[in-house]
Amino acid sequence: MRYKRVALLTDFGLKDNFVGVVKGVILKYNPKIHIIDITNNISPQNIIEASLLLKNSYKHFPNKTIFLTIVDPGVGTERDIIVIKNKSNLFIAPDNGVLSFLQDEDTKLYRLTIPNRFIPRPESATFHGRDIFAPTAGLLSKGTRITKLCIPTNKIKKMKISVPVKHKNSITGKIIYIDSFGNCISNIDRRILDQLFNKKFSIKINKSVIKKISLNYQDINKIGALFNSFNLLEIAVPNGNASRKLKIKEGDLIKITF
Amino acid sequence: MRYKRVALLTDFGLKDNFVGVVKGVILKYNPKIHIIDITNNISPQNIIEASLLLKNSYKHFPNKTIFLTIVDPGVGTERDIIVIKNKSNLFIAPDNGVLSFLQDEDTKLYRLTIPNRFIPRPESATFHGRDIFAPTAGLLSKGTRITKLCIPTNKIKKMKISVPVKHKNSITGKIIYIDSFGNCISNIDRRILDQLFNKKFSIKINKSVIKKISLNYQDINKIGALFNSFNLLEIAVPNGNASRKLKIKEGDLIKITF
Amino acid sequence: MRYKRVALLTDFGLKDNFVGVVKGVILKYNPKIHIIDITNNISPQNIIEASLLLKNSYKHFPNKTIFLTIVDPGVGTERDIIVIKNKSNLFIAPDNGVLSFLQDEDTKLYRLTIPNRFIPRPESATFHGRDIFAPTAGLLSKGTRITKLCIPTNKIKKMKISVPVKHKNSITGKIIYIDSFGNCISNIDRRILDQLFNKKFSIKINKSVIKKISLNYQDINKIGALFNSFNLLEIAVPNGNASRKLKIKEGDLIKITF
């Protein structure tokens, strides 16, 4: 199958030439492919952040997209590279758990053969994005069969995903991501609403207490909570930066008492 | 009419997956469209900055471009979304004044119907970029008629644009934008030159006084003023950062006495 | 010859609309061209950095690419603009030495005629990226013959490239670039290995001493040295930022004693 585009998610940043070179190599293998950036500003080596953002991106893309994720603390070691095929798309990533969120889908799992007779020997031990990932994405995008490059596998690394802890009259979650507006995103998802329905409750984070869940940013007075576009509970300050204002950082606890 | 590309101007930043997801959704509606970033680093919710940069960008693009502007402090509220058609291009934005600069052109104005039978019900109240703007841009780009999605209107929100104040022997303007080189851009445009012609004058900003208008950066000794590529008077320090060096910030006054 | 894509390397940053406008103008001249960013975050006016990153990028792109480099401290002055053709690609840049690394290749050198009858008179003295470079790239990309826009030349500005100094029992190089991970890249290249082979040696930078060259980041204990993807000796802290941790900055000396 030929793919129409490669969607890129990396921690390479935009200061260096890393992202540009990866695109150059993909184009060398398939000069007609389109390449779209999801983001290249994942915090360095932060697999959890990469996984959260990819999970909340891929369903919004059209079919026949290859999602190339390069957040790879193990670059240059013996860690494997995996290729996952679901109904309509392909995912390429280091085997470090970053694709764990696909485990509930109907997928086929593959492991890239390294060394690989279709990919030149890596020129470096530090930039497999250029030397291995980009050639793999380029070849697969233009229709090279997966089984030529990979062997099937049935086990990939899983990531430990943090979930809120439930008590009798409360739930304790934590802040897992702070976006560029300073919104503080927790691991508490929309299903919590069933438990809060028709009850009084309070949300406590650091020294702030919030008594309702707002519908949108304008519905918030100074500090509020709402379900964001990931369907996760988020602490926000309208037209302001909640993280800076309330001194919230990743890992901080958030407790709902009802 | 089919459009060839979407040019994107947002305050989403490049840290998160917001820009990538908006592109994904546009491609879902029109897999062949090209998407170009004007910038995604507008200061959060800064409509004035967005308007200034779009005004100074769109004429440099070819015909058949859709300019999609998403700087939207009112997201999730009842604010409207407008579509403006000029001779050769289309503009989509929240109805918050960001497109005011088009008022002198021959245009047709439309208001997006919300809810809209061609666009799925929004999944979120915080990310209309993904849920409403991107589908609208995708549909219009592939030739869906505007009147299918929108109703004509004849009134859109206008932005109060700051203009210099003229006195008998002086003009007081202000700094409206600081670019990434630290150049400080005022709201005084090139027509001031007629008044300065053949006169002695001095430009005062904070504690600095400048006695001439330079032709280019190399023509400046330490601190200078010139008309920049927006045709606006700009304070610059060659090979340096004027904003940091002279402690100039947005809103600071600049006075020309002659 | 028609080119397939323009690869862009500038110091324009991503806050303003400069990169977007350059792309718009290129597309105005050639609406079908693809434009790829190598990076637009070169440190302002840093020709050395631009040259290093372009040198380590262009070979990874496919044939028929135009490399447009706009890092141009002399904008608005009499400095020339050069076009260099090698076997398969084209390079456009100010004549400030940024393309010096091509001197060992079989190339043809040209100088853009300014003013040029195919390019409108510049609207500004500060944004030749928009007014001159983009039209040049657009025209050449769609097949306008170089000799219509340029005259042949045989001399271009050369950059003084810093090389390590060799002594009897030591070599002194310096840090020439710090990447976004904080890795500190020196001007000492892989050929040094021949001299170190089978010898004891020590690498000294600031107060740190390193006794071996590692194969990859995981092979490093706390602070290490390895040859990076540019084939240059790099000081790195695995999963950390070497520049911040060891207080290394561009220009710092690095000494290998053996």
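**Chat notes**

Guide: C:Pro115 lies in the loop between β6 (108–112) and α3 (128–141) of chain C. Before going further, keep in mind that this is a predicted model.

Visitor: Okay. What kind of peptide bond joins C:Ile114 and C:Pro115, cis or trans?
Guide: That bond is cis, with omega at about -5°.

Visitor: And what about the bond from A:Ile114 to A:Pro115?
Guide: Cis again, and omega there is near -5°. A:Pro115 sits in the loop between β6 and α3 (128–141) of chain A.

Visitor: Let's switch to interfaces. How many residues does the contact take from chain C and from chain B?
Guide: Chain C puts in 30 residues and chain B puts in 31 residues. The area buried between chain C and chain B is about 2,600 Å², with carbon and sulfur atoms giving 54% of it.

Visitor: How many salt bridges and polar contacts cross from chain C to chain B?
Guide: Zero salt bridges turn up across that interface. For polar contact, there are 17 residue pairs, both partners being at pLDDT 80 or more.

Visitor: Which element gives the largest share of that side of chain C?
Guide: Helix α1 (residues 18–29) of chain C, with eight residues on the side that touches chain B. Sorted by class, that side of chain C has 12 nonpolar, 11 polar and seven charged residues.

Visitor: Now the other contact: what are the residue numbers for chain B and chain A?
Guide: Chain B contributes 30 residues and chain A contributes 31 residues. Between them, chain B and chain A bury about 2,600 Å², and 54% of that is on carbon and sulfur atoms. B:Lys15, B:Asn17 and B:Thr126 supply 24% of what chain B buries against chain A, more than any other three residues.

Visitor: How many salt bridges and polar pairs there?
Guide: Between chain B and chain A the salt-bridge count is zero, while 17 residue pairs are in polar contact, with both residues at pLDDT 80 or more. On the side of chain B that touches chain A, helix α1 (residues 18–29) of chain B gives the most, namely eight residues. That side of chain B divides into 12 nonpolar, 11 polar and seven charged residues.

Visitor: Changing topic to the fold. Do β1 and β2 of chain A run parallel or antiparallel?
Guide: Parallel: five bridges join strand β1 (residues 5–10) to strand β2 (residues 34–39) in chain A. As one example, A:Ala7 has A:Ile36 as its bridge partner in β2(A). With helix α1 (residues 18–29) of chain A, the two strands make a right-handed β-α-β unit.

Visitor: And which way do those strands run in chain C?
Guide: In chain C, β1 (residues 5–10) and β2 (residues 34–39) run parallel, joined by five bridges. C:Leu9 stands opposite C:Thr39 in β2(C). β1(C), α1(C) and β2(C) form a right-handed β-α-β unit.

Visitor: Last one: where does B:Asn46 lie, and what does its side chain reach?
Guide: B:Asn46 is in the loop between β2 (34–39) and α2 (47–55) of chain B. Its side chain reaches the backbone nitrogen of B:Glu49 at 2.9 Å. Leaving out residues up to four places away in sequence, B:Asn46 touches B:Val71 and B:Glu250.

Conventions:
Residues are numbered from 1 along each chain as its sequence is written. Chains are lettered from A and ligands numbered from 1 in the order in which they are written. This is a predicted model: local features need pLDDT of at least 70, side-chain atom pairs count only at pLDDT 80 or more; totals for chains, interfaces and linings use all residues. Side-chain values use heavy atoms; hydrogens and water are left out. Contact means heavy atoms within 4.5 Å. Buried area is the accessible area (1.4 Å probe) that two parts lose on being put together, summed over both. A salt bridge is a side-chain nitrogen of Lys or Arg within 4 Å of a carboxyl oxygen of Asp or Glu. A polar contact is a pair of N or O atoms within 3.5 Å; within protein, one must be able to donate a hydrogen and the other to accept it, and residues adjacent in sequence count only if both atoms are side-chain atoms. Helices (H or I, at least four residues) and strands (E, at least two) are DSSP runs, numbered from the N terminus. Ala, Val, Leu, Ile, Met, Phe, Trp, Tyr, Cys and Pro count as nonpolar, Asp, Glu, Lys and Arg as charged, and the others, Gly among them, as polar. Two strands pair if DSSP finds at least two bridges between them. A crossover is right-handed if, with the strands pointing away from the viewer, the path from the first strand over the helix to the second runs clockwise.
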